[in-house]
Amino acid sequence: MRFDIITLFPGIFSGFLSESMLKTAIDAGLIDIHLHQLRDWADDKHQTVDDRPFGGGPGMVLKVDRVVPCIEEIQRLTEPGHLILLTPQGRTFRQQIAEELVQQKRILLLCGRYEGFDQRVNDLLQPDEISIGDFVLNGGEVAAMTIIESIMRLIPGVLGDEDSARIDSFSSGNRLLEESQYTRPREFRGLSVPEILLSGNHQEVDKWRLQNRLERTKLRRPDLLTDS
Ligand code: 6GU
């Protein structure tokens, strides 16, 4: 699967791409990530990519005559991909969207700064606008990393067997939080591991786990039990 990231701050991604599971997936050829500096599509002396908003007001707006040619050129590099624009105005990201997106062969992630893009970027490119939640970030870079990480876990071969066999909370058909986990020591500062988990009775362990998941979900995320 190929990702193209379009950003004014490619350096933000260097640790993300060179560490841990993502690096393993890239080295294994399961994921291919290309970074593009939006400023490279500015042809003026100062490499201007933004300008003051018409009508006045604070902040700067990313220019349509930089962004649209940039995306069009990147789309032509190979078979065109699914274009995502990271913005707080987008649909809220969730596991189900990750499950849909992993079906794509290629995804482009266009990172904005907070004030956003000229509306004509949206009108011309019709991107899939995505937000990662109701809070404010300075730009789309951290949101892009969030989306890549959630998708790449779903690519066959990226996770070890043990992890991939797990049915995660939030995946479709599963609307319960994970159960409490324990490991050694059996007792620490007067707190003991629930006796059933030490019993070796798998049926009883499974029953306890399901009960624990139901209780936790009811207490912490009752919306998961009722919302569709
Ligand atoms: Cl995708 N971008 C920005 N700037 N802020 C956000 C966001 C995205 N998602 C949540 N907050």
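Modeller: Before we place anything in this model, helices (H or I, at least four residues) and strands (E, at least two) are DSSP runs, numbered from the N terminus. The model itself is predicted. With those names, proline 185 is found in the loop between α7 (161–164) and β8 (187–188).

Colleague: What is the peptide bond from arginine 184 to proline 185, cis or trans?

Modeller: The bond that joins arginine 184 to proline 185 is cis, and its omega is near 5 degrees. Another backbone feature is found at serine 20, which is not a glycine and yet has a positive phi of about 60 degrees; this serine 20 belongs to helix α2 (residues 20–27).

Colleague: In what order do the five strands of the open sheet come, and is their pairing parallel or antiparallel?

Modeller: As a general idea, strands of a sheet pair through backbone hydrogen bonds, either parallel or antiparallel. Here the open sheet has five strands in the order β2-β1-β6-β5-β7, and the pairing is parallel. The edges are formed by β2 (32–37) and β7 (128–131), each of which pairs on one side only, and from one strand to the next the twist averages 30 degrees. Between strand β5 (residues 82–92) and strand β6 (residues 106–111) there are five bridges in the parallel sense, and leucine 85 has leucine 110 in β6 as its bridge partner.

Colleague: Which strands does helix α3 touch where it packs on the sheet?

Modeller: Helix α3 (residues 64–75) touches β1 (2–7), β2, β5 and β6, and its direction makes about 160 degrees with that of β6. Helix α6 (residues 141–152) lies across β1, β2, β5, β6 and β7, and it too runs at about 160 degrees to β6.

Colleague: Which residues are around the ligand, and how many of the shell are nonpolar, polar or charged?

Modeller: The residues around the ligand include Leu86, Thr87, Pro88, Tyr114, Ile130, Ser131 and Ala143. By class, the shell has eight nonpolar residues, four polar and no charged. Strand β5 gives the largest share, three residues.

Colleague: Which backbone atoms lie within reach of a ligand nitrogen, with a polar contact taken as a pair of N or O atoms within 3.5 Å?

Modeller: A polar backbone atom of phenylalanine 135 is 2.6 Å from a nitrogen atom of the ligand, one of isoleucine 132 is 3.0 Å from a ligand nitrogen, and a backbone N or O atom of leucine 137 lies 3.1 Å from a nitrogen atom of the ligand. Taken alone the ligand exposes 290 Å², of which the protein buries 99%.

Key
Residues numbered from 1 in each chain as written. Predicted model: local features only at pLDDT ≥ 70, side-chain atom pairs only at ≥ 80, totals over all residues. Heavy atoms only, no water. Pairing = 2+ DSSP bridges. Axes fitted to C-alpha atoms, helices over the stretch in contact; angles between N-to-C directions. Contact = heavy atoms within 4.5 Å. Near = heavy atom within 4 Å. Polar contact = N/O pair within 3.5 Å; in protein donor to acceptor, adjacent residues only side chain to side chain. Areas by Shrake-Rupley, 256 points an atom, 1.4 Å probe, with all protein chains shown as cover. Nonpolar A, V, L, I, M, F, W, Y, C, P; charged D, E, K, R; others polar.
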